[in-house]
Amino acid sequence: MKISTVIPSYGAPNSLKELHSRLIATFAQLNCQYEIIFVNDACPKNSWTKIQEICALDPHTKGLNLARNFGQHAAISAGLSQCTGDWITVMDCDLQDDPKYIPQFLQKAGSTYDVVLARRTHREEKFFKKLQSWLFYKFLSAFLDVKMDHQVGNYGLY
C-alpha cells in the first residue's frame with residue numbers, strides 16, 4: 001500500500017519540517033510506502049525555501065511551486081494531480097491536522113469506505129475566523145440545500 005499526502009502551503013513555513021517529521025513517523029508505524037507533496041501557494045513567508053530543504057533530504061517528498069496565489073482548493077488540486085498512492089490524505093500545513101490519525105482513517109476505511117473525514121473539535125484560531133467559517137458553511141448549506149458541518153475541513157483519507 002502507498003499513501004500520498006497533499007499539503008497546500010500558505011503561511012506557517014516554520015511548521016513544515018515538524019509536519020514532515022510527524023508524517024514520516026506515522027508512515028514508519030504503518031510500514032507503508034509514501035509520498036508527500038507540498039504545494040507552495042505563493043506564500044510570501046518563504047515556504048518554498050523550507051519545502052526545497054525538506055525535498056533535498058527525502059526522495060519521497062515533492063514540492064510544487066505555484067506561480068501565484070491561487071487559493072487552497074487550487075493548490076490541493078495541483079497536488080492531487082501528482083499523486084500515485086492507493087490512498088490520499090489532504091492536510092493543512094500548520095500542524096492543526098495531526099498525522100497520528102492517519103492509521104485510524106485507514107482502519108475506518110477498510111474495504112467499506114472510499115472517504116474518511118476528520119471533524120475538528122478544537123481549533124487554534126481567533127473568534128472572528130471561527131465565526132467567518134461558521135457563517136460560510138451556514139450560507140453554503142442553505143444555498144446548496146445540503147447539511148454541512150463547519151468543523152469538517154479538508155483533513156481526511158480519500
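This is a predicted model: local features need pLDDT of at least 70, side-chain atom pairs count only at pLDDT 80 or more; totals for chains, interfaces and linings use all residues.
Local features required pLDDT of at least 70 and side-chain atom pairs pLDDT 80 or more, whereas totals for chains, interfaces and linings use all residues. Residues are numbered from 1 along each chain as its sequence is written, and side-chain values use heavy atoms, with hydrogens and water left out.

A pair of aromatic rings is described by the distance of the centres and the angle of the planes. Rings of Phe, Tyr and Trp (its six-membered ring) pair if their centres lie within 6.5 Å; planes under 30 degrees apart count as stacked, over 60 as edge-to-face and the rest as tilted. Phe 27 and Tyr 34 are stacked, at 5.0 Å centre to centre and 15° between the planes. Phe 27 has 1% relative accessibility and so counts as buried (under 20% relative accessible area; exposed is over 50%, partly exposed in between; 1.4 Å probe, protein chains only). Tyr 34 is buried at 13%.

Phe 105 and Tyr 155 have ring centres 5.0 Å apart. Their planes lie at 65°, so this pair is edge-to-face. Phe 105 lies in helix H4 (residues 102–109) and Tyr 155 in strand E6 (residues 152–157). Helices (H or I, at least four residues) and strands (E, at least two) are DSSP runs, numbered from the N terminus. The pair links distant parts of the chain, 50 residues apart. Both Phe 105 and Tyr 155 are buried.

Ser 47 is located in helix H2 (residues 47–57). Its relative accessible area is 0%, so Ser 47 is buried. Neighbours within four places in sequence aside, Ser 47 is in contact (heavy atoms within 4.5 Å) with Gly 11, Pro 13, Leu 16 and Asn 40.
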